[in-house]
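Subject: Structure handover

Hello,

Here is the structure I said I would pass on. Please look through it first, then read the notes below.

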Amino acid sequence: QEGQLECVRLLLEVGAAIDQARQDGATPLIMACFNGHLEVAKLLSSYGASRAATPFGTPEEVATEEGHADLAAWLVASRGWTPLAHLETLTAARALSLLRSGASLHEGERDRKST
């Protein structure tokens with residue numbers, strides 16, 4: 001999984017489409033959940049990967065059905081997190097980029113401040 005994590009990190013850093021689905025509808029996050037790759041799921045989430053349902057179900061459903069309880073629990077616990085809330089997986093450059101673009105730790109906070 002370590003090599004996969006670094007490969008995914010490199011692809012995201014050069015602008016890979018975070019939610020690009022395969023022909024069968026599986027997204028990178030769904031595949032990470034299917035295979036039990038918690039750290040990859042965290043990284044994808046830190047880049048804003050969609051948690052919407054796919055033909056396979058939601059990421060939480062896939063992780064649960066495949067027996068990846070730790071991953072399913074993390075997905076539930078991290079619902080509503082913004083990309084900046086994933087500090088443990090962010091590189092310093094990514095965190096700085098998010099902050100410079102006005103990112104907040106709390107969903108909707110930026111909108112409240114601008115009104």
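Two terms come first: pLDDT is the predictor's confidence in each residue, from 0 to 100, and a contact means heavy atoms within 4.5 Å. This is a predicted model, in which local features need pLDDT of at least 70 and side-chain atom pairs count only at pLDDT 80 or more, while totals for chains, interfaces and linings use all residues. Residues are numbered from 1 along each chain as its sequence is written, and side-chain values use heavy atoms, with hydrogens and water left out.

Confidence

The protein chain has a mean pLDDT of 83, with 77% of its residues at 70 or more. Over residues 108-115 the pLDDT stays under 50, and for that stretch the model has five contacts beyond four places in sequence. Helices (H or I, at least four residues) and strands (E, at least two) are DSSP runs, numbered from the N terminus. Confidence is lowest in helix 7 (residues 109-113), with a mean of 39, and highest in helix 4 (residues 59-65), with 97.

Overall make-up

The protein chain contains seven helices and zero strands. Buried means under 20% relative accessible area, exposed means over 50%, and partly exposed is in between (1.4 Å probe, protein chains only). Of the 115 residues in the protein chain, 40% are buried. Among contacts in the protein chain with a separation of 6 or more, 60% join residues 24 or more positions apart.

Is helix 3 largely enclosed or largely open? Eight of its nine residues are buried, so helix 3 is largely enclosed by the rest of the structure. The buried residues are L38, V40, A41, K42, L43, L44, S45 and S46. Just after helix 3, G48 has a positive phi of about 85°.

Two packed helices are described by the angle between their axes and the distance between the axes. Axes here are lines fitted to C-alpha atoms, for helices over the stretch in contact, and angles run from 0 to 180 degrees between N-to-C directions. Angles under 35 degrees count as roughly parallel, over 145 as roughly antiparallel, 65 to 115 as roughly perpendicular and the rest as oblique.

Helix 3 (residues 38-46) packs with helix 5 (residues 69-77) at an angle of about 20°, and their axes are 10 Å apart. Helix 3 is therefore roughly parallel to helix 5. On the helix 3 side the contact is made by L38, A41, K42 and S45, and on the helix 5 side by D70, L71 and W74. For classes, Ala, Val, Leu, Ile, Met, Phe, Trp, Tyr, Cys and Pro count as nonpolar, Asp, Glu, Lys and Arg as charged, and the others, Gly among them, as polar. The residues of the contact of helix 3 with helix 5 are four nonpolar, one polar and two charged.

The axes of helix 2 (residues 28-35) and helix 3 come within 8 Å and cross at roughly 160°. Helix 2 is therefore roughly antiparallel to helix 3. P28, L29 and A32 of helix 2 meet V40, A41, L44 and S45 of helix 3. By class, the contact of helix 2 with helix 3 has six nonpolar residues, one polar and no charged.

The loop residue T91

T91 lies in the loop between helix 5 and helix 6 (92-100). T91 counts as partly exposed because its relative accessibility is 26%. Leaving aside residues up to four places away in sequence, T91 touches R9 and E13. T91 and E13 are 78 residues apart in sequence and 9.9 Å apart in space, C-alpha to C-alpha.

Regards
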